[in-house]
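Here is a briefing on a two-chain model. Look over the sequence and structure, then read the points by topic.

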Amino acid sequence: MLGPYTYFTWLACTLLEAAVVVCALRQGAFRRYLPLNLWMLLEMLSGLSRFYVLYSYGLQSNEYFYFYYYSEALATIALYFALTSLYARVLEELNVESYVQKAAILLLSGTAVFSYLIVRQSSHLLVTHFVVELSQNLYFVGLVLTYLLWGAMLKLRESRTRVIQFVLSLGVFFSMFAANYAFRNLAPDLRWLWGSLPPVFDCLLPLAWCYTFLRIPEDARLVPSRLAVVPR
Amino acid sequence: MMAGIIFIFSVAALLQFFISYCRSLIAASSKQVLSAEVKDVTGIQRIATGDDFKRIMQLLRLCPDRPEDHNSVQAIGAYFSLLSFLRSTVARLVPSMHAWTESEFGQCAYFAAVALESGISFSRDMLAQQMDA
């Protein structure tokens, strides 16, 4: 049985994801940031579908169990591609979009193979272990990629405030999930802690993106070196 | 072992992204000029200081909540707490960090003053709408 906390964060997160898409449409930025908005839509639909499956089959059912993990893995893969779209945007003047796409697919395949190699010993629930391991590894790969992207933005003096805020909030999102998964492996007994944090993390990214769409105009510019923790 | 390394790296990256994100919020608001009225209310005449921050936050709580500003103000509040923690721990060992945290405190206070300005104009708009209705 899910508690009121889970239902509340679930509802809040779904509404916030819808709000991001509405804000982007209102600001005329839906197509400009299409992959990010599509990911938000996917997350929202995934949240609604999960609720439908939960309502139809129950929390303990195999249907909900598989649907939950597969939708989570698919959403993580979609977010990974949304991140590569930010790479393409930042590096657009270098005309390296096709290289970015190839590298992204290669890295995704590599992560999938690595995840399979880790879980192949456990024949019991192999498929479920695989999607959990894949999600976990993709969050970490996403974190490393966002870190590299932020480094490239500082180097290339990327000044578009919206792009900067999208990348930094994605960095916060990936690092929170990667830290939480690592903490889960370090302290499996503290389920009450690592189990209750992800719903809150899920709400933070749409909140940050709503703010960016609503308050930051498309033509706003920043000096990126002023944002680095270590002054450049 | 591996999980420990990933945990440390993730927390370090989280701190770095969070600080940069908060600074991007502050930098976006630093271009706004405060009205004479808000300068009077907050006591900020030339440069904002860390002491101004808590007072401005108290004033902000008196204004009606503006949904789009609420979360950014909370993020900057968390950033201010993080800076306070750094000043009372790391800055004692690294003196140059003391000056850095002081300047960041001032920027947090300026951000809060800009939020207060937009909160005041928001409540004025609401009042005007009620008077019209």
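**Chain A: overall build**

Among contacts in chain A between residues at least 6 apart in sequence, 71% join residues at least 24 apart. Two residues are in contact if their C-beta atoms, placed from the backbone, lie within 7 Å. This is a predicted model, in which local features need pLDDT of at least 70, side-chain atom pairs count only at pLDDT 80 or more, and totals for chains, interfaces and linings use all residues. Residues are numbered from 1 along each chain as its sequence is written, while chains are lettered from A and ligands numbered from 1 in the order in which they are written.

- Chain A has 8 helices and 0 strands. Helices (H or I, at least four residues) and strands (E, at least two) are DSSP runs, numbered from the N terminus.
- Along the sequence, the pattern of chain A is α-α-α-α-α-α-α-α.
- The C-alpha trace of chain A spans about 50 × 40 × 30 Å along its principal axes.
- Of the 232 residues in chain A, 37% are buried. A residue is buried if 20 or more other C-beta atoms lie within 10 Å of its own, exposed if 12 or fewer, and partly exposed in between; C-beta atoms are placed from the backbone.

**Confidence**

- The model scores ipTM 0.90 and pTM 0.89.
- Chain A averages a pLDDT of 89, and 96% of its residues score at least 70. pLDDT is the predictor's confidence in each residue, from 0 to 100.
- Chain B has a mean pLDDT of 87, with 100% of its residues at 70 or more.
- Within chain B, confidence is highest in H1(B), at a mean of 92, and lowest in helix H5 (residues 90–93), at 82.

**Two helices of chain A**

- H6(A) has 26 residues and reaches 37 Å from its first C-alpha to its last, close to the 38 Å expected at 1.5 Å a residue. The expected span is 1.5 Å times one less than the number of residues in the helix.
- H6(A) is largely enclosed by the rest of the structure, because 23 of its 26 residues are buried.
- Helix H3 (residues 62–90) of chain A has 29 residues and reaches 42 Å from first C-alpha to last, close to the expected 42 Å.
- The buried residues of H3(A) include A:Ala73, A:Thr76, A:Leu79, A:Tyr80 and A:Arg89.

**Two loop residues with positive phi**

- Most residues other than glycine have a negative phi.
- A:Asn95 has a phi near 55°, a positive value in a residue other than glycine. A:Asn95 sits in the loop between H3 and H4 of chain A. A:Asn95 counts as exposed because it has 8 C-beta neighbours inside 10 Å.
- A:Arg157 also has a positive phi, near 55°. A:Arg157 lies in the loop between helix H5 (126–156) and H6 of chain A. A:Arg157 is exposed, with 10 other C-beta atoms within 10 Å.

**Chain B**

- Chain B has 6 helices and 0 strands, in the order α-α-α-α-α-α from the N terminus on.
- The C-alpha atoms of chain B fill a box of roughly 65 × 30 × 25 Å, taken along the principal axes.
- Buried residues make up 35% of the 133 residues in chain B.
- Among contacts in chain B between residues at least 6 apart in sequence, 79% join residues at least 24 apart.

**Where the chains meet**

- The contact takes 29 residues from chain A and 21 residues from chain B.
- On the chain B side, helix H1 (2–30) and helix H4 (67–88) are the elements that give two or more residues. H1(B) gives the most, with 18 residues.
- By class, the chain B side has 12 nonpolar, 7 polar and 2 charged residues. Ala, Val, Leu, Ile, Met, Phe, Trp, Tyr, Cys and Pro count as nonpolar, Asp, Glu, Lys and Arg as charged, and the others, Gly among them, as polar.

**The largest nonpolar core**

- The largest nonpolar core has 90 residues, of which A:Val167, A:Ala178, B:Ile76, B:Cys108, B:Ala112 and B:Ala113 touch the most other members. H6(A) gives the most to this core, with 16 residues. Such a core is a set of buried Ala, Val, Leu, Ile, Met, Phe, Trp, Tyr and Cys residues joined through C-beta atoms within 7 Å.
- Not counting residues up to four places away in sequence, B:Ala112 touches B:Phe53, B:Ile56, B:Met57, B:Leu60, B:Val73 and B:Ile76.
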